[in-house]
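Here is a friendly walk through one model, taken a region at a time. Keep the structure open beside you as you read.

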Amino acid sequence: MLAQNSHSEEALLNEAFIQLQQRLTKNYENVFLNIHAEKTVVIIPSLTLDKDILRALKGLVHYEERMLCMLMQLSMPKTNVIYVTSTSIDNTIVDYYLHLLPGITGYHARQRLTLFSCYDASAKSLTEKILSRPRLIKRIKEQIKHPENAHMACFNVTEHEQALAQLLDIPIYGCNPSLLYLGTKTGCRLTYKQAQVLIPHGFENLQTEQDIVEAIVQLKKEMPTVKKAIVKMNDGFSGEGNAIFNYALLPNGLLHTETVKQALHLGLKVVAPKVTIEQYLQKFYTMGGIVEAFIDGEQKCSPSVQCRINPVGGIDIISTHDQLLGGESDQVFIGAHFPASDEYSIEIAATAYKIAELMQKEGVWGRFSIDFLSVKESTGWKHYTIETNLRKGGTTHPFMMLQYLTGGEYNWQNGIYTMPNGQHRCYFASDNVVNEKYKGLTPHDLIDIAMCNQLLFEGSTQCGVMFHMIGALSQYGKLGVVCIGKTKEEAIAYYNRTIEVLDKETA
């Protein structure tokens with residue numbers, strides 16, 4: 001009876017949330033798309049993901065600064081922005097963003113910007129911190145002007161963000177948590193099969209260590225040439241939920257469950273640092289996941305496509321990227337080139353559109369990305385669809401920054417980003433510019449170094465460097481960059497010069 005009551009309450013809460021979301025559907029064209037409409041955007045940049053996986057990220061709390069690009073919405077003269085973080089953001093960082101606003105003075109923007117802090121750097125997600133502070137929720141609610149024209153913007157949407165939206169009585173421009181299964185590794189494979197797109201050979205809906213072992217055995221039987229298998233947790237982040245199994249570990253190539261189980265405990269390579277095999281398998285048991293063939297190839301790329309489904313059902317292919325991966329067997333996201341290669345950007349965008357159509361029919365909203373593993377063969381590129389992230393990601397904020405700064409659009413049917421003046425732009429972006437020597441640099445120091453070395457984005461040329469995650473620099477020696485150029489070569493030249501300057505200044 002208790003379980004039945006729990007399910008009934010959950011259904012009622014979800015129905016109430018759906019009703020709340022319909023407000024954004026109703027106001028989308030007249031308010032959301034109207035740059036002169038009075039509205040409030042409440043930005044909650046919480047990474048509400050598995051704590052054990054997130055623990056591997058250095059300077060985690062400063063990842064909340066990645067969505068500061070959304071302060072550029074203050075360029076709309078009647079838009080108010082409320083930005084909530086775990087810890088306070090230095091005024092130097094806020095001013096750095098506001099000075100880039102086109103056609104709006106920093107003073108005017110400041111009057112419409114409200115910053116809140118939880119003053120809590122603990123490992124809990126930002127949204128959970130807010131939910132445990134009812135007085136803070138009350139203050140946020142008091143700052144929302146025209147609540148009927150307000151919405152929340154989040155990194156990802158879980159039951160925590162849903163609960164906060166309902167307490168604030170405003171909708172979220174994001175995916176209903178009841179649909180998040182579609183973004184799990186298992187849900188992705190099932191969707192891709194329905195869309196009839198190419199995926200690596202593998203098995204989904206796995207839960208136990210025995211499931212993993214049997215899948216590894218069966219994979220080798222069905223693909224005798226496969227050398228490695230990838231074990232993936234359903235809700236991994238930036239590759240941190242992955243592990244690599246090498247079939248070379250099997251003694252004399254003996255392929256049966258006992259030898260595979262022994263080899264698993266002896267040599268499974270977990271991508272996330274400082275996570276033991278035992279800890280990984282225990283987390284897998286909680287989360288579930290898949291086993292797939294590790295795709296080999298002399299020339300491999302990891303492109304992605306960013307999509308958006310708006311509240312009235314419109315599908316947009318926003319951008320394509322070539323991702324730069326590192327870590328164990330290249331499983332960790334390091335950075336990205338925009339746009340993806342001319343050789344295949346149109347192909348992967350067309351595949352992503354097919355998947356987005358299925359997502360739209362399921363009721364998905366907001367931004368999401370689809371990752372590919374592309375291998376060049378004698379007949380051309382072969383694109384394996386490997387993951388859908390139903391959230392913002394590492395390629396979201398760089399593209400948003402480019403679009404806010406230059407006012408251009410990406411045409412996926414020709415793979416080109418064009419500004420209103422007809423010029424094209426590219427960029428290289430990374431969240432992982434890390435060097436021990438950079439520790440001790442304050443936000444003021446970074447801006448001073450960038451100005452003195454002419455690295456800052458220049459409005460007259462629409463080229464230059466944008467920094468993010470600046471707050472992580474002093475303690476962790478880490479920051480992010482978006483290097484914008486007329487060509488990919490110019491963009492990477494800006495990046496190389498940025499590293500050169502920082503190295504020289506901290507020598």
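In this predicted model, the buried residues of helix H8 are Lys185, Thr186, Gly187, Cys188, Arg189, Thr191, Tyr192 and Ala195. Helix H8 spans residues 185-195 and is mostly covered, with eight of its 11 residues buried. What lies over those buried residues? The cover includes strand E5 (202-206), strand E6 (228-233), strand E9 (289-293), helix H12 (345-362), strand E13 (366-377) and strand E14 (380-389). Just after H8 comes Gln196, which takes a positive phi of about 60°.

Next, let us look at a sheet. Strands of a sheet pair through backbone hydrogen bonds, in either a parallel or an antiparallel way. Here four strands form an open sheet with parallel pairing, in the order E3-E2-E1-E4. Strand E3 (113-117) and strand E4 (150-154) stand at the edges with a single partner strand each, so one side of each is left without a neighbour in the sheet. On average, neighbouring strands of this sheet are turned by 20° against each other, direction ignored.

Strand E1 (residues 39-44) pairs with strand E2 (residues 79-85) in the parallel sense over five bridges. Within that pairing, Ile43 has Tyr83 of E2 as its bridge partner. E1 also runs parallel to E4, and five bridges join the two. There, Val42 stands opposite Met152 in E4.

How many residues of E1 are buried? Six of the six are, so E1 is largely enclosed by the rest of the structure. In a regular strand the side chains alternate between the two faces of the sheet. Both faces of E1 are covered: Lys39, Val41 and Ile43 are buried on one side, and Thr40, Val42 and Ile44 are buried on the other.

Gln166 has its place in helix H7. Gln166 and Leu20 are 146 residues apart in sequence, yet their C-alpha atoms are 7.7 Å apart in space.

**Two helix pairs**

Two packed helices are described by the angle between their axes and the distance between the axes. The table sets out two such pairs.

| Helix pair | Axis angle | Axis distance |
|---|---|---|
| H9 (residues 209-222) and H10 (residues 257-267) | roughly 110° | within 9 Å |
| H3 (residues 91-98) and H14 (residues 443-452) | about 40° | 8 Å |

The angle between H9 and H10 is roughly 110°, which makes H9 roughly perpendicular to H10. Their crossing is right-handed. On the H9 side, the contact is made by Glu209, Gln210, Ile212, Val213, Glu214, Ile216 and Val217, and on the H10 side by Thr257, Val260, Lys261, Leu264 and His265. By class, the contact of H9 with H10 has six nonpolar, three polar and three charged residues.

H3 passes H14 in a left-handed crossing. Thr92, Ile93 and Tyr96 of H3 make the contact with Pro443, His444 and Ile447 of H14. The residues of this contact of H3 with H14 divide into four nonpolar, two polar and no charged.

Methods
Residues are numbered from 1 along each chain as its sequence is written. This is a predicted model: local features need pLDDT of at least 70, side-chain atom pairs count only at pLDDT 80 or more; totals for chains, interfaces and linings use all residues. Side-chain values use heavy atoms; hydrogens and water are left out. Buried means under 20% relative accessible area, exposed over 50%, partly exposed in between (1.4 Å probe, protein chains only). Contact means heavy atoms within 4.5 Å. Two strands pair if DSSP finds at least two bridges between them. Axes are lines fitted to C-alpha atoms, for helices over the stretch in contact, and angles run from 0 to 180 degrees between N-to-C directions. Angles under 35 degrees count as roughly parallel, over 145 as roughly antiparallel, 65 to 115 as roughly perpendicular and the rest as oblique. A crossing is left-handed if the near helix is turned anticlockwise from the far one by less than a right angle, and right-handed if clockwise. Ala, Val, Leu, Ile, Met, Phe, Trp, Tyr, Cys and Pro count as nonpolar, Asp, Glu, Lys and Arg as charged, and the others, Gly among them, as polar.
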